[in-house]
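User: Hello! I am new to this protein, and I would like to learn how to read its features one at a time. Could you show me the structure?

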Amino acid sequence: MSRIIAGGETVICGGGIVGLTLARELLMRGHKDIIIIEKEQQLGKHASGRNSGVLHAGIYYSIGSLRGRTCLAGNFLMKDYCKSKGIPLLERGKVIVTKNEAEIEILETLYKRARENGARVELVDEKRLKQIEPFAKTCKHALYSHYTAVTDSKKVLKELYNELIVSSKVKILLGTRLNGIKGNQTLTTNRGLIKFGTLVNAAGAWSDELAHIFGIGLNYRLVPFKGIYKKLRPEKSYMVRSNIYPVPDTRNPFLGVHFTRNVSDEVLIGPTAMPALGAENYGILGGIDKRAPGILLTNAILFLRNPEFKRLSFIEVRKYKTGVFYSNAKKLVKGLEFRDILPSQKVGIRPQLIDWNTKQLVMDFVVLKDGNSLHVLNAISPGFTSSMSFAKILANELETLN
Ligand SMILES: Cc1cc2nc3c(=O)[nH]c(=O)nc-3n(C[C@H](O)[C@H](O)[C@H](O)COP(=O)(O)OP(=O)(O)OC[C@H]3O[C@@H](n4cnc5c(N)ncnc54)[C@H](O)[C@@H]3O)c2cc1C
């Protein structure tokens, strides 16, 4: 018989940025009895510790969407947090550059949307672009976002962890994997039973499976996309001052391979977004789990039934070839040579939600609630940026469960 190892008014499954910022928000609202369960022995092993660290600035997302409502507000909150805790923060903005005249129209749409969202943006000509990013390449115009910044996501997680632990009102149980539910107030884990009043599922790439255990969100499935990064040869890192992004393909949820100077002054190029064989398939074979046959089948069905998915897969898989990766990258930066691009160890997995009824990729965060549980599905980019603002929405939702 399993024994009870813990009990909490609110139990959050997942110690990524969504779980940690929600716990902090609840703490600020006076909640006292919170448990976070995290299957890994340390934080930051998945998306929240493997991202680009870019604090996006409300450019891409429509104002009514959850991403639109939380991105810029989250950017401001996260910047304040970094400043108050001494976490590195590069506030140098970013440019979005065009490859051809056809993209100028999309750039103008982004400009209008950003202004509606309250972002500080400028449409700049090539002369002004040269002052901001001397090596960025564009066709006539580019968009300059003033509020975009870059931080160190692992340091943010560490600081949040310390703050929560010190409060003594939040327990973080590392190495504790939620396996299922017994009755409607007891969770089963690898370490024993945990009693809960309300449960929040913030399990990232595994959140669909957990929601299904609770019998909700059955029409949703997460499909993992692997994001591989490369880096700029250090002697050439002067070519990128801060962030250079392409105009995104608005039909898919990824922003395209871009250049980002991180807080260690390394210029990363990426990430790609190619279908992966597991939620943690970071290596070629490593991390392929029991779900691989199911993921393969899901990908095959999507490939046949969703032309956008097929197109995206073709484009992204080709980027595995360094030559193709390079030809994309050199469209953004003048004078970039093939030998300037070096391999990098950095890799992340982006779980992308599919609505299985329509076979379409879901383009916003999804929050489902049922009885005494709240489920966060599809915390896609800019989930890191949005987190502190999104936590307020989640806390409001959670309080309606009590
Ligand atoms: C390559 C890449 C680049 C990105 N770049 C950016 C960016 O520049 N800016 C930005 O804003 N966003 C970016 N994002 C998106 C951002 O990182 C995510 O939106 C965010 O990290 C999601 O946080 P999360 O807490 O939902 O997930 P996670 O960080 O995956 O956390 C979920 C946690 O739940 C745990 N867990 C899962 N199942 C269980 C279980 N059964 N029991 C216990 N614990 C469990 C996992 O171990 C994990 O630690 C990027 C993402 C990737 C992958």
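User: Which residues are exposed on the other side of α4?

Analyst: Good place to start! This is a predicted model, in which local features need pLDDT of at least 70 and side-chain atom pairs count only at pLDDT 80 or more, while totals for chains, interfaces and linings use all residues. Residues are numbered from 1 along each chain as its sequence is written. Now the general idea: an α-helix has 3.6 residues a turn, so residues three or four places apart point the same way. In this structure, Ala102, Glu105, Thr109, Lys112 and Glu116 are the exposed ones on that side of α4. Helices (H or I, at least four residues) and strands (E, at least two) are DSSP runs, numbered from the N terminus.

User: And which residues of α4 are buried?

Analyst: Those are Glu103, Leu110, Tyr111 and Ala114. They lie on the same side of α4 because they cover an arc of only 105° around the axis, the arc being that of the directions from the helix axis to the C-beta atoms. These buried residues pack against β5, β6 (121–125) and β7 (141–145). After α4 comes Gly118, which has a positive phi, near 90°.

User: How should I read a strand, and which residues of β16 are buried on its two sides?

Analyst: In a regular strand the side chains alternate between the two faces of the sheet. In β16 (residues 267–270), Val267 and Ile269 are buried on one side, and Leu268 and Gly270 are buried on the other.

User: Which strands pair with β16, and in what sense?

Analyst: Two strands pair if DSSP finds at least two bridges between them. β13 (residues 220–232) pairs with β16 in the antiparallel sense over 2 bridges, and Lys230 stands opposite Ile269. β15 (residues 258–261) is also antiparallel to β16, over 4 bridges, with Thr260 as the bridge partner of Leu268. A hairpin is formed by β15 and β16, with 5 residues between them, and Asp265 in the turn has a positive phi of about 65°.

User: Which domains does the chain have?

Analyst: The bounds come from an automatic or database domain assignment. That assignment gives domain 1 (1–89 + 151–219 + 364–402), domain 2 (94–146) and domain 3 (220–355).

User: How many residues of domain 2 are in contact with domain 3?

Analyst: There are 13 residues of domain 2 in contact with 15 residues of domain 3. Contact means that the C-beta atoms of two residues, placed from the backbone, lie within 7 Å. On the domain 2 side, β5 (94–97) and α4 (102–116) each supply at least two residues, and β5 gives the most, with 4 residues. The centres of these two domains, taken over C-alpha atoms, are separated by 23 Å.

User: What surrounds the ligand?

Analyst: A shell of 40 residues, of which the closest are Gly14, Gly16, Gly204, Gly348 and Gly383. A residue counts as near if its C-beta atom, placed from the backbone, lies within 6 Å of the molecule. Among the elements giving two or more residues to this shell are α1 (17–28) and α11 (383–401). Domain 1 and domain 3 each provide at least three residues of the shell.

How values were computed: Buried ≥ 20, exposed ≤ 12 C-beta atoms within 10 Å, placed from the backbone.
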